[in-house]
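Visitor: I have this one open in the viewer. Can you walk me through it?

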Amino acid sequence: MNTITAIATADIAPRDLMSKFDPIIAERQALLDTGVTDPFAIVMDEVKSPTVAIIKGKETILLGTYNYMGMTFDPDVIQAGKDALDTFGSGTNGSRMLNGTFRDHMDVEAALREFYGMSGAIVFSTGYMANLGMISTLVGKGEYIILDADSHASIYDGCQQGNAEIVRFRHNSVEDLDKRLGRLPEGVGKLVVLEGVYSMLGDVAPLKEMVAVAKKHGAMVLSDEAHSMGFFGAHGRGVYEAQGCEDDVDFIIGTFSKSVGTVGGFCVSNHPKFEAIRLACRPYIFTASLPPSVVATAATSIRKLMFADNKRAHLWENARQLHSGLTAMGFKLGTPTPQSAIIAIILNDQEQAVAMWQALLDNGLYVNMARPPATPAGTFLLRCSLCAEHTTEQVTRILALFEAAGRAVGAIG
């Protein structure tokens, strides 16, 4: 390189890799300039129970936490975590493949095998990592992943991390799934990825029909039951149990961060070669394992969920009460009936959604606000996640707050 070239090269300013985010920054600032609280940066100063927290100094009902079964304050669950913290310390300092497998990691996998009645269980650091790891490991080059177009981001990221061909079908369409599977070559590996409950609208997949179609075309099936574990089915195993297709789903993905009440992810399966996943799955091999206090709380919670029939029944009562009350007021909801513990209220635009979210928060109710790209283009909604610990009186109060806020912003007459 001559001197002139070197000087010219030195004068070239480096491209700012952060500049691509300027539209997002501007949109967020425009939202904050209206004077609203940032919906995506809520700080809980104190959490008093599964259903109540202190936010900005105000006691607030929690209706957006995915704490479906209310296990976060269960005395036995908390004590298990304290005991493990005292016995094993605060962390593992290693992956499961090295020094990161403690007694309680083995115990939580045993609890999962008991809960699901399956022979194999593998725990990941998060539910996101469970999807990322399982999907990218199971399906490789020359094979096919067939997934619902509305699948969770972790499912899409699992597809992108692998080398398989990706085929999408219309949301919850058995007919479109059948058609797209029929176009694929015979004799190649195929994995159909489904979700029991979809997290934005709270709608339930027709798993029984979809699993039957997958098997007809020689595909294996993975079902993500993150939003149904604990309260769907006779044993709380999920939608696949409730719809009677337990014998035909090959892999079940789940998370500890919802009904179990802590953090972590897992996959269970009856496949005789399932343990080989531990030797091939990069998101399992190359990440630190969960702290012992976390897996101890998870194991205790899972075993208690086996006998949580009363909690399950009350959660469904809450869902019916909230859904019917909002419907009677004239709100547009994501599902015509209460299909799950998620109830979505669809608003006209972002301005109305933010205004209503702010009005609810100001009066002591926290819900989630969702917008594209988390929702379909042009869809703005408030998402409610009910808990088995919400009392009937709390749900009645929630309905009163929704009515007042809905009338104030023109969402209902």
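**Aromatic pairs and sheets**

Guide: Searching the whole structure turns up twelve aromatic pairs. Bear in mind that this is a predicted model.

Visitor: How do Phe115 and Tyr116 pair up?

Guide: Edge-to-face, with 5.0 Å centre to centre and 70° between the planes.

Visitor: Are those two buried or exposed?

Guide: Phe115 has 2% relative accessibility and counts as buried, because the cut-off for buried is under 20%. Tyr116 is buried too, with a relative accessible area of 2%.

Visitor: What about Phe331 and Phe402?

Guide: Phe331 and Phe402 also form an edge-to-face pair, at 6.0 Å centre to centre and 80° between the planes. That pair links distant parts of the chain, 71 residues apart. Phe331 is in the loop between helix H13 (309–329) and strand E11 (342–347), while Phe402 belongs to helix H15 (residues 392–409).

Visitor: And their accessibility?

Guide: Phe331 counts as buried at 7% relative accessibility, and Phe402 counts as buried at 0%.

Visitor: Which residues do ring pairs link into a cluster?

Guide: Tyr66, Tyr68, Phe231, Phe232 and Trp316.

Visitor: In which sense do E5 and E6 pair, parallel or antiparallel?

Guide: Parallel: strand E5 (residues 144–148) pairs with E6 over five bridges. Leu147 has Arg168 in E6 as its bridge partner.

Visitor: How does H7 sit relative to H8?

Guide: The axes of helix H7 (residues 174–182) and helix H8 (residues 207–216) come within 10 Å of each other and cross at roughly 10°. That angle makes H7 roughly parallel to H8, since the cut-off for that class is under 35 degrees.

Visitor: Which residues meet there?

Guide: From H7, Val174, Leu177, Asp178 and Leu181; from H8, Glu209, Met210, Val213, Ala214 and Lys216. By class, the contact of H7 with H8 has six nonpolar residues, three charged and no polar ones.

Visitor: Back to the strands. What is the order in the sheet with four strands?

Guide: E1-E2-E3-E12, again an open sheet with mixed pairing. Strand E1 (46–49) and strand E12 (365–366) each have a single partner strand, so one side of each has no neighbour in the sheet.

Visitor: How many bridges between E1 and E2?

Guide: Three, with E1 and strand E2 (residues 52–55) pairing in the antiparallel sense. Val47 stands opposite Ala53 in E2.

Visitor: One last residue. Where is Asn163?

Guide: Asn163 lies in the loop between helix H6 (153–161) and strand E6 (165–169).

Visitor: Is Asn163 buried or exposed?

Guide: Exposed, at 58% relative accessibility.

Visitor: What does Asn163 touch?

Guide: Leaving aside residues up to four places away in sequence, Asn163 touches Val139, Gly140 and Lys141. As for Asp83, that residue is 80 residues away from Asn163 along the chain, and their C-alpha atoms are separated by 43 Å.

Key: Residues are numbered from 1 along each chain as its sequence is written. This is a predicted model: local features need pLDDT of at least 70, side-chain atom pairs count only at pLDDT 80 or more; totals for chains, interfaces and linings use all residues. Side-chain values use heavy atoms; hydrogens and water are left out. Axes are lines fitted to C-alpha atoms, for helices over the stretch in contact, and angles run from 0 to 180 degrees between N-to-C directions. Helices (H or I, at least four residues) and strands (E, at least two) are DSSP runs, numbered from the N terminus. Angles under 35 degrees count as roughly parallel, over 145 as roughly antiparallel, 65 to 115 as roughly perpendicular and the rest as oblique. Contact means heavy atoms within 4.5 Å. Ala, Val, Leu, Ile, Met, Phe, Trp, Tyr, Cys and Pro count as nonpolar, Asp, Glu, Lys and Arg as charged, and the others, Gly among them, as polar. Buried means under 20% relative accessible area, exposed over 50%, partly exposed in between (1.4 Å probe, protein chains only). Two strands pair if DSSP finds at least two bridges between them. Rings of Phe, Tyr and Trp (its six-membered ring) pair if their centres lie within 6.5 Å; planes under 30 degrees apart count as stacked, over 60 as edge-to-face and the rest as tilted.
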